[in-house]
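Please read the following walk through a protein model with the sequence and the coordinates side by side. The account moves from aromatic rings to a pocket and then to charged side chains.

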Amino acid sequence: MALNLSKNGRALQEAYGRVVAAGSPTDWALFTYEGNSNDLRVAGSGDGGLEEMVEELNSGKVMYAFCRVKDPNSGLPKYVLVNWTGEGVNDVRKGACANHVSTVANFLKVWSSFHWGSCHHQRSRRGGCGA
């Protein structure tokens with residue numbers, strides 16, 4: 001089933017816009033589905049960087065995180081799309097949502113994305129996903 005970006009389109013675009021706006025403190029936005037539907041909605045946003053964003057990832061959901069990070073070499077902003085699949089998501093839902101990644105990337109004007117599967121075990125050991 002196709003991803004629905006139109007139901008919450010205005011809110012999705014506004015969240016995206018805050019991340020990419022010059023001078024905006026917002027550096028991440030998180031998107032997920034409304035229940036078991038294919039309607040994408042805003043799940044949250046913030047200005048605390050990747051560390052703050054990681055705390056909002058849910059082990060029972062498929063989520064998409066759009067983040068602004070600073071390139072350490074140039075100091076310029078770079079944008080990352082993270083496709084999060086929580087460990088509690090059933091296989092049927094995982095398969096259905098896997099087809100939505102490119103649609104989300106196109107909507108958010110991302111050239112490449114990173115799949116970040118559930119890393120709950122890393123949080124408890126190292127203080128954060130990928131830390």
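Predicted model: local features only at pLDDT ≥ 70, side-chain atom pairs only at ≥ 80, totals over all residues.

The paragraphs below take up ring contacts, a pocket and salt bridges in turn.

The structure contains three aromatic pairs. One of them joins Tyr33 and Tyr64 in an edge-to-face arrangement, with 6.0 Å from centre to centre and 70 degrees between the ring planes. This pair links distant parts of the chain, since Tyr33 belongs to strand 1 (residues 28–33) and Tyr64 to strand 3 (residues 62–70), 31 residues apart. Tyr33 is buried, with a relative accessible area of 4%, and Tyr64 is likewise counted as buried, at 0% relative accessibility.

Another ring contact brings together Phe66 and Tyr79, whose centres lie 5.7 Å apart and whose planes meet at 10 degrees, so that the pair is stacked. Because Phe66 lies in strand 3 and Tyr79 in strand 4 (residues 77–85), this contact ties together parts that are 13 residues apart in sequence.

Returning to Tyr33, the reader will find a charged side chain over the face of its ring, namely that of Arg93, at 4.5 Å from the ring centre. Tyr33 and Arg93 are both among the residues that line the second largest pocket, which has a volume of about 160 Å³. Sorted by class, the lining of the second largest pocket consists of three nonpolar, six polar and two charged residues.

The charged side chains can be followed next through their salt bridges, of which the count comes to four. In one of these, Glu34 is paired with Lys7, the closest N and O atoms being 2.8 Å apart. Glu34 lies in the loop between strand 1 and strand 2 (40–46) and Lys7 in the segment before helix 1 (9–20), so the pair ties together parts that are 27 residues apart in sequence. Glu34 is partly exposed, with a relative accessible area of 24%, while Lys7 counts as exposed at 51% relative accessibility.

Lys7 also forms a salt bridge with Asp39, and here the closest N and O atoms are 3.7 Å apart. Because Lys7 lies in the segment before helix 1 and Asp39 in the loop between strand 1 and strand 2, this bridge ties together parts that are 32 residues apart in sequence. Asp39 is buried, with a relative accessible area of 16%. Taken together, Lys7, Glu34 and Asp39 are linked in a network of salt bridges.

Glu14 counts as partly exposed, at 42% relative accessibility, whereas Arg10 counts as exposed, at 66%.

Notes
Residues numbered from 1 in each chain as written. Heavy atoms only, no water. Phe/Tyr/Trp six-rings, centres within 6.5 Å; stacked < 30°, edge-to-face > 60°. Helix = DSSP H or I, 4+ residues; strand = E, 2+ residues; numbered from the N terminus. Buried < 20%, exposed > 50% of the residue type's maximum accessible area, 1.4 Å probe, protein only. Lys NZ or Arg CZ within 6 Å of the ring centre and 35° of its normal. 1 Å grid on protein atoms, 1.4 Å probe; cavity = no way out; pocket = protein on both sides within 12 Å on 5 of 7 lines; lining within 4 Å. Points joined across faces, edges and corners; volume = space filled by probe spheres on them. Nonpolar A, V, L, I, M, F, W, Y, C, P; charged D, E, K, R; others polar.
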